[in-house]
Amino acid sequence: MHVQIETFTVRKRFALTISRGTTAQSTNLWVKLAHEGIEGWGEASPFSTGSRPQSTEILLAALQEVAPLLEKFTPFDRQKIEQVLTEVNLPSAARAGIDMAMHDWLGKKAGLPLWKMWGLDRSRIVPTSVTIGINSPSGARERVRDWFGKDPAGIKYRAVKVKLGNPAGIEADKAMLIAVLEEAPANLKISVDANGGWSLNSAIEMCRWLEKYPINYVEQPLSPVADMDELSELYRQSPLPIFADESCFNSSDIPKLAHCVHGINIKMMKSGGLTEAMRMIHTAKACHLQVMFGCYSDSAIANTAAAQLSPLADYLDLDSHLNLLDDPFTGAIVENGCLLPNGRSGLGVQLVEIVE
């Protein structure tokens with residue numbers, strides 16, 4: 001099989017600010033895998049959790065180095081290919097691009113969408129949240145209006161994630177969240193994500209303060225390098241469920257977190273693709289944890305790939321492509337607030353048609 005890599009740059013409609021900084025655009029990698037006249041597509045997106053950055057340059061170099069090693073295989077050789085990728089220590093986002101492309105190829109070969117090949121039920125897909133980044137109270141209100149509009153009858157989305165962990169402190173977090181709650185439509189599903197921006201004392205105070213509002217869960221309140229003792233203490237004192245994101249890359253991370261979180265956030269770029277994401281789902285469920293899917297600055301390729309598995313998720317946050325000005329791809333579609341994979345074979349992703 002032949003692997004080809006191309007770069008493409010996407011720009012956000014609204015720049016996203018989290019506790020670690022602001023992102024306005026991203027240069028991602030389009031992975032194309034050709035065999036027997038069929039081409040499978042995947043995506044590798046740069047990301048950083050603070051301690052393990054995977055830049056576009058790192059991912060591109062890694063994929064270019066491994067591509068010749070894969071030519072002797074076919075997309076049916078997933079176990080052999082996984083061994084090669086492990087031996088060369090390929091970054092997780094680069095693995096994700098190859099793994100997605102192999103799954104896309106297999107689905108196209110079979111003439112079936114992946115969700116149907118796996119026997120999954122699209123009616124079980126929960127609404128995806130859209131994200132409000134760290135902002136001033138007035139800026140947060142504006143973002144709510146950008147996502148949800150002013151006409152309650154025309155609401156397209158049914159869930160929102162609010163980024164907290166403002167470097168200015170938890171009083172700034174509180175003021176912003178109150179502004180979002182006052183502006184948001186009624187009956188909206190709401191979660192918060194601090195991206196490791198709180199100390200233990202601040203996290204305990206915030207979780208107790210958040211309890212009086214309709215918050216589903218608190219994501220990554222402590223730094224990913226925080227020791228398990230702190231996370232365990234927060235787990236003991238928090239009245240709200242705690243989800244791990246930056247602290248949980250793959251299935252091997254889950255058992256050590258199981259005693260101090262209520263759920264995990266699976267992302268294609270952290271996990272290394274659909275193969276490991278499936279392992280993470282089963283491992284989390286075996287540990288009695290809930291599962292959510294998230295994203296970085298991903299296009300419709302990666303989010304549509306995640307949507308193939310989304311009937312198995314308790315929460316979804318697959319909105320990055322919905323905030324892009326120039327996504328070159330189209331795939332899963334939003335219906336009644338839910339991101340639904342379509343009926344096309346493989347991932348079901350296509351290039352956007354440009355009308356002259």
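Me: What makes a pair of side chains a salt bridge here?
Reply: A salt bridge is a side-chain nitrogen of Lys or Arg within 4 Å of a carboxyl oxygen of Asp or Glu. This is a predicted model, where local features need pLDDT of at least 70 and side-chain atom pairs count only at pLDDT 80 or more, while totals for chains, interfaces and linings use all residues. Residues are numbered from 1 along each chain as its sequence is written, and side-chain values use heavy atoms, with hydrogens and water left out.

Me: How many salt bridges does this rule give?
Reply: The count is 24.

Me: Why is the pair Lys108 and Asp104 called a salt bridge?
Reply: The N to O distance is 3.0 Å. The cut-off is within 4 Å, so the pair qualifies. Lys108 and Asp104 both sit in helix H3 (residues 92–110), four residues apart, about one turn of the helix. Helices are DSSP runs of H or I with at least four residues; strands are E runs with at least two; both are numbered from the N terminus.

Me: Why is Asp104 called buried?
Reply: Its relative accessible area is 2%. Buried means under 20%, exposed over 50%, and partly exposed in between (1.4 Å probe, protein chains only). Asp104 is therefore buried. Lys108 has 26%, so Lys108 is partly exposed.

Me: How do you know that Glu6 and Lys32 form a salt bridge?
Reply: Their closest N and O atoms are 2.6 Å apart. That value meets the cut-off, so the pair counts. Glu6 lies in strand S1 (residues 2–18) and Lys32 in strand S2 (residues 21–35), so the pair ties together parts 26 residues apart in sequence.

Me: Are Glu6 and Lys32 buried, exposed or partly exposed, and why?
Reply: Glu6 has 29% relative accessibility, so Glu6 is partly exposed. Lys32 has 9%, so Lys32 is buried.

Me: What makes Asp317 and Lys161 a link between distant parts of the chain?
Reply: Their side chains meet in a salt bridge at 2.8 Å, N to O. Asp317 is in the loop between strand S11 (315–316) and strand S12 (329–330), and Lys161 is in strand S5 (residues 159–163), 156 residues apart. Both residues are buried. Salt bridges that share partners join Lys161, Lys163, Asp193, Glu219 and Asp317 into one network.

Me: Why is Leu234 called buried, and what does Leu234 touch?
Reply: Its relative accessible area is 0%, so Leu234 is buried. Leu234 lies in helix H8 (residues 228–237). Contact means heavy atoms within 4.5 Å. Not counting residues up to four places away in sequence, Leu234 touches residues including Leu200, Ile204, Pro221 and Ile242. The C-alpha atoms of Leu234 and Ile204 are separated by 6.2 Å, with the residues 30 apart along the chain.
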